[in-house]
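Me: I would like to learn how to read aromatic ring pairs in a structure. Please take me through one.

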Amino acid sequence: MKRSTLLHHARRLGAAGLLAMLAACGGDRDAAPEAQPAATSAAAPAYDSRQALVPAPASMTPGEGRLALGADTRLLAEGDAARTVATQFAALLGKGRGIEPRLGEGLQETDGAIRFVLDPARAAAGTEAYLLEVTPAGATVSASDAAGLFYGAMTLLQLATVDGDGTAWLPAVRIEDAPRFPWRGFMMDPARHFWTVDQVKQVIDAMALHKLNVLHWHLTDDQGWRVEIRKYPKLTEVGGCRIPAGDGGIDPRTGKPRPYCGWYTQDEVREIVAYAAARHITVVPEINQPGHATAAIAAYPELGSTDEPLVPSSEWGVFPNLFNAEESTIAFLEDVIGELIPLFPGTYFHIGGDEAVKDQWEASARVQQRMREVGAKTEMEMQSHIVAWLEKFLAAHGKRLVGWDEILEGPLPPEATVMSWRGTEGGLEAAREGHDVVMSPSGDLYLDYLQTESPYEPPGRPDTITLRDVYEFEPVPAELEEDKRHHVLGLQANLWTEHTRTWERFEHHVFPRLAAVAETGWTPADRKDYAGFLRRLPVQLERYRASGIGYAQTPFQVDAVAEDDRKAGTVSVTLSNPLGYAVHYTTDGSEPTAGSAAYTGPLTLELPARLRAAAFADGVALAPARDYRWDASSLLVRTDEQLATCPDAGRLLLRLEDDGPADGERAIFNTTIFYPCWQWNGADLDGVAAVKVRAGRIPYYFQLAHDEPHRKFEASRSTHGELDIHADGCGGERLASVPLPEAPGRDGFIELVAELPADVAGRRDLCLRFTGDTRPQMWVVDRVGLQLR
């Protein structure tokens with residue numbers, strides 16, 4: 001499909017809501033949005049920076065007075081490690097605050113200086129711990145190790161305050177601080193969508209500001225092999241490129257296939273690892289096996305368990321393609337890992353192990369023979385045999401194996417560390433068996449899940465993981481016995497990038513939810529406080545802007561839901577901010593301020609109506625105002641975002657992107673892939689003659705493995721299928737049916753008009769669905785309108 005849209009960019013650029021269709025009833029979805037100014041800070045900080053630290057420190061005692069901060073401030077440090085931290089602090093202060101203090105020599109007493117001290121006597125406080133003291137006479141950061149000193153500098157950076165007149169200072173304070181967990185991680189996935197060296201460095205910088213210390217780098221998957229292996233050049237030459245599905249894989253100038261490629265050279269890996277190490281972040285590489293191996297098998301077919309020729313996939317989901325179980329394939333994995341070990345000096349190496357569907361192994365006579373040779377009674381035991389082999393290989397090179405929690409399903413070497421992603425149950429089991437654990441449950445810490453119910457959210461996975469959900473996740477389950485709790489190393493947020501095609505979307509998914517991850521990883525459990533976190537969050541947003549970090553606007557904007565009364569000529573509007581910040585609004589088209597009317601309950605407005613609304617904290621708008629408009633015509637229209645999921649079918653809702661154009665904006669659709677179906681609940685059909693549906697078509701690019709039987713569709717009754725409209729749910733009366741064309745129009749869309757019986761009236765739940773197989777392409781609803789008699 002070929003249409004582009006401004007839909008999802010409005011969330012970040014402050015567009016005026018693309019009118020009411022997107023988040024409430026009515027409006028014109030394709031109308032150009034009205035530009036709005038970005039949210040701005042007050043003239044002077046409206047906060048005490050000591051009360052706005054993220055993550056919150058373990059212990060803080062406010063003092064009296066302040067320490068002046070400026071170009072004449074001296075930074076004093078002794079030794080290379082301390083001087084490095086001082087230099088980093090100066091650079092970040094200059095970037096974020098426009099202040100560039102000078103590095104002095106040694107630790108001599110100087111009025112107003114900031115001292116960075118490595119003090120072995122502080123070793124009892126623990127690894128990564130620090131003490132920060134600020135008085136009007138000077139400041140000192142001390143720690144027993146360079147990491148602690150660096151984290152103290154990051155806290156000092158957050159404390160740096162600049163008044164509206166440009167005066168800079170540090171508040172007097174004493175902070176004793178140390179992390180709760182040693183593993184505070186974030187996973188970056190370049191296998192699905194590739195990220196440049198500079199973008200990886202931006203992630204590392206942001207992690208450092210949040211005191212996170214593990215970057216899990218998911219380097220291989222079905223869709224791409226992203227790291228150079230010199231012994232096996234085809235891994236990147238073949239496995240590093242794929243042809244995207246649909247129009248996205250066609251060069252618009254030539255009409256020929258256009259590959260999507262990307263990988264890191266070993267020199268680039270060294271550069272990234274060194275960059276991370278300088279910020280006290282360990283990079284943990286992942287080479288996934290035996291599943292998620294399509295790209296590698298496409299490059300070297302002899303590694304696979306199928307005779308079917310493979311290519312790096314342009315689809316998402318769970319694939320059947322596994323490495324085979326031959327010794328030569330295990331030797332291949334050892335070769336790959338052996339080349340990477342010198343590039344990654346950290347302790348851990350991730351070997352994947354997840355979602356390895358065993359169908360090909362079950363069907364392979366050679367794999368079954370191999371199982372008998374090694375004494376494996378089941379396919380999972382065969383996988384465990386490979387895991388044990390790799391664990392010994394890694395241990396011989398001074399490394400510890402990490403794998404996803406599926407590795408628990410067979411015998412597991414005691415030294416293996418488990419990353420628990422299918423809830424916390426795997427982590428509980430692993431800890432009780434004596435394994436170290438990193439908690440990374442998909443229902444709490446997968447950042448590619450949508451974060452609000454807003455129609456401005458970019459494409460993402462089903463369900464919603466809000467900022468509060470992330471913040472309230474507890475890595476140590478209450479039911480875990482006290483003597484096993486030390487096995488929980490910490491937590492990790494993951495961002496899988498199937499639906500994250502642009503850097504802007506990447507940042508949207510990650511921030512500000514990564515701040516919540518950071519606070520859970522660092523702050524003592526009894527010091528965590530979600531309400532306090534929300535009070536501190538607006539200041540964190542200012543830091544993001546100062547550091548050039550993009551973040552999601554949707555949690556800080558105002559959503560509107562409108563219920564129409566056509567007979568009365570009015571609309572009832574409910575406003576909300578996803579995080580509960582105060583909402584102020586206007587109805588005359590003016591910019592809302594903190595002095596505008598405060599929203600306290602549903603508003604009844606006469607048509608035509610216009611409403612502008614923004615969320616505020618400390619008198620400052622947190623995001624640009626959204627603009628909503630309604631009239632008699634717009635209230636007869638719903639977009640796919642406003643339609644409900646049919647309750648009796650197809651519950652797996654995804655927010656999917658169109659397949660074209662190859663570059664730039666694309667339309668976004670809400671659809672349920674197991675049974676595509678949309679429902680307009682309570683549609684007012686009085687005086688309605690027909691339903692007009694604008695529909696598009698996208699590739700069905702999902703591999704479902706053993707979930708394939710759950711995919712349902714209605715059999716078509718004509719050559720290309722039909723659009724059926726039912727009343728009172730999909731099992732109710734069929735009110736209308738319209739034949740579908742062979743293909744959409746040149747713009748990628750069709751418009752279908754379904755005439756309703758003359759006696760249809762009242763409020764009914766309209767079910768809309770397309771008949772015919774959803775493969776290889778599926779029809780999707782863009783918007784629905786009611787046409788009056």
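Reply: Start with burial: a residue is buried at under 20% relative accessible area, exposed at over 50%, and partly exposed in between, with a 1.4 Å probe and protein chains only. This is a predicted model, in which local features need pLDDT of at least 70 and side-chain atom pairs count only at pLDDT 80 or more, while totals for chains, interfaces and linings use all residues. Residues are numbered from 1 along each chain as its sequence is written, and side-chain values use heavy atoms, with hydrogens and water left out.

Me: What describes a pair of aromatic rings?

Reply: The distance of the centres and the angle of the planes describe a pair of aromatic rings. Rings of Phe, Tyr and Trp (its six-membered ring) pair if their centres lie within 6.5 Å; planes under 30 degrees apart are stacked, over 60 edge-to-face, and the rest tilted. By this rule there are 30 aromatic pairs. Tyr-151 and Trp-522 are edge-to-face because their ring centres are 5.3 Å apart and their planes are at 70°.

Me: Where in the chain do Tyr-151 and Trp-522 lie?

Reply: Tyr-151 is in helix H3 (residues 146-159) and Trp-522 is in helix H16 (residues 513-522), so the pair links distant parts of the chain, 371 residues apart. Helices (H or I, at least four residues) and strands (E, at least two) are DSSP runs, numbered from the N terminus.

Me: Are Tyr-151 and Trp-522 buried or exposed?

Reply: Tyr-151 has a relative accessible area of 0%, so it is buried. Trp-522 counts as buried because its relative accessibility is 0%. For another case, take Tyr-551 and Phe-556: their ring centres are 6.1 Å apart and their planes at 85°, so this pair is edge-to-face. Both Tyr-551 and Phe-556 are buried.

Me: Which residues do ring pairs link into a cluster?

Reply: Trp-404, Trp-421, Tyr-446, Tyr-449 and Trp-496 are linked into a cluster by ring pairs.

Me: Which charged ends sit over a ring?

Reply: A charge sits over a ring if NZ of Lys or CZ of Arg is within 6 Å of the ring centre and within 35 degrees of the ring normal. The charged end of Lys-211 sits over the ring of Trp-522, 5.7 Å from its centre. The charged end of Lys-528 sits over the ring of Tyr-471, 4.3 Å from its centre.

Me: How many helices and strands does the chain have?

Reply: There are 17 helices and 43 strands in the chain. Of its 789 residues, 61% count as buried.
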